[in-house]
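Hello,

Here is the structure I said I would pass on. My notes on it follow below.

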Amino acid sequence: MRWRSTTKLVLVAIFFAVTFIMLADVIGYGSPWLGLLLMFYFMGLAKIAEPLFVLRMPGALREVDPALPKAPLYRRLGVHGFGSLLRNTPLRYFNASVYRLGGKRSLAALQAQAASAEATHFWAAVLFTPYIVYLGARGYLAEAALFVVVQIAFNVYPILHLRIVRARLAAVGVSGGIRGGRE
């Protein structure tokens, strides 16, 4: 099974590399849009690589407080509304592994998937943020501003939402990266 996952990862990486080069030839290697594409490629490769290895949050950020779903800041920021948008629209298929699917997935498996997805968004944000700063410094202010919005919509809000998911799991006793639980 490991060789199948490795083969799949290598083939997708090759496909991404070829499409990146093809697009860069058309729009130019200096195009700011290639950085955005690389962020999405990173997230796709991280998802495909999950059977081989799982990204993790830094230790200081790994734990979540079970009281987080009731946090006033999360309500003011609309994180719960964002979660509803994800659950109740076709957007849920971007990462269906963080849903229980009619009770067929164990809560521990759901927690592991949520932690992995959160880490993927976190590392994508960490890698994409310097690029946004670089674009702003080069004078691509409109693109940098747009990429800040993309960063918030595609990384920050998913991280906040997944932290709530993990906190809810903590409330029902699922441990792993949860304050008071063991990894």
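Leu-77 is partly exposed, with a relative accessible area of 39%. The model is a predicted one, so please read everything below with that in mind. Leu-77 belongs to helix H4, which covers residues 72-77. Setting aside neighbours within four places in sequence, the contacts of Leu-77 are Tyr-157 and Leu-160. Tyr-157 is 80 residues from Leu-77 in sequence, yet the two C-alpha atoms are 9.1 Å apart in space.

**Helix H2 and what it packs against**

H2 runs over residues 33-48. Its 16 residues should span 22 Å at 1.5 Å a residue, and the C-alpha atoms at its ends are 23 Å apart, which agrees. The buried residues of H2 are Leu-34, Gly-35, Leu-36, Leu-37, Met-39, Tyr-41, Met-43, Ala-46 and Ile-48. They pack against three helices: H1 (2-27), H6 (107-137) and H7.

Take H7 to begin with, which spans residues 141-171. The axes of H2 and H7 come within 11 Å and cross at roughly 15 degrees. Because angles under 35 degrees count as roughly parallel, H2 is roughly parallel to H7. The crossing of this pair is right-handed. On the H2 side the contact is made by Trp-33, Leu-36, Met-39, Phe-40 and Met-43. On the H7 side it is made by Glu-143, Leu-146, Phe-147, Val-150, Gln-151, Phe-154 and Asn-155. By class, the residues of this contact are nine nonpolar, two polar and one charged.

H6 is another partner of H2. The axes of H2 and H6 come within 10 Å, crossing at roughly 155 degrees. Angles over 145 degrees count as roughly antiparallel, and that makes H2 roughly antiparallel to H6. H2 passes H6 in a right-handed crossing. From H2, the contact takes in Gly-35, Leu-36, Met-39, Phe-42, Met-43, Ala-46 and Lys-47. From H6, it takes in Gln-113, Thr-120, His-121, Trp-123, Ala-124, Leu-127, Phe-128 and Tyr-131. The classes here are 10 nonpolar, four polar and one charged.

Leu-36, Met-39 and Met-43 are listed in the contact of H2 with H7 and also in the contact of H2 with H6.

**H6 against H7**

How do H6 and H7 run relative to each other, roughly parallel or roughly antiparallel? Their axes come within 9 Å and cross at roughly 160 degrees, which makes H6 roughly antiparallel to H7. H6 passes H7 in a left-handed crossing. The contact of H6 with H7 has 22 nonpolar, six polar and three charged residues.

**Two residues of H7**

Leu-162 lies in H7. With a relative accessibility of 5%, Leu-162 counts as buried. Not counting residues up to four places away in sequence, Leu-162 touches Val-98, Ala-114, Ala-117, Glu-118 and His-121. The C-alpha atoms of Leu-162 and Ala-115 are 7.4 Å apart in space, while the two residues are 47 apart in sequence. One of the residues touched by Leu-162, His-121, is also listed in the contact of H6 with H2.

Is Glu-143 buried or partly exposed? Glu-143 is partly exposed, with a relative accessible area of 21%; the cut-off for buried is under 20%. With residues up to four places away in sequence left out, Glu-143 touches Pro-32 and Trp-33. Trp-33 and Glu-143 are both among the residues that make the contact between H2 and H7. Glu-50 is a contrasting case: Glu-143 and Glu-50 are 93 residues apart in sequence and 31 Å apart in space, C-alpha to C-alpha.

**Ala-24 in H1**

Ala-24 lies in helix H1 and is buried, with a relative accessible area of 1%. Leaving aside neighbours within four places in sequence, Ala-24 is in contact with Tyr-29 and Leu-34. Ala-24 and Leu-34 are 10 residues apart along the chain, and their C-alpha atoms are separated by 7.2 Å.

Regards

Methods:
Residues are numbered from 1 along each chain as its sequence is written. This is a predicted model: local features need pLDDT of at least 70, side-chain atom pairs count only at pLDDT 80 or more; totals for chains, interfaces and linings use all residues. Side-chain values use heavy atoms; hydrogens and water are left out. Axes are lines fitted to C-alpha atoms, for helices over the stretch in contact, and angles run from 0 to 180 degrees between N-to-C directions. Helices (H or I, at least four residues) and strands (E, at least two) are DSSP runs, numbered from the N terminus. Angles under 35 degrees count as roughly parallel, over 145 as roughly antiparallel, 65 to 115 as roughly perpendicular and the rest as oblique. A crossing is left-handed if the near helix is turned anticlockwise from the far one by less than a right angle, and right-handed if clockwise. Contact means heavy atoms within 4.5 Å. Ala, Val, Leu, Ile, Met, Phe, Trp, Tyr, Cys and Pro count as nonpolar, Asp, Glu, Lys and Arg as charged, and the others, Gly among them, as polar. The expected span of a helix is 1.5 Å times one less than its number of residues. Buried means under 20% relative accessible area, exposed over 50%, partly exposed in between (1.4 Å probe, protein chains only).
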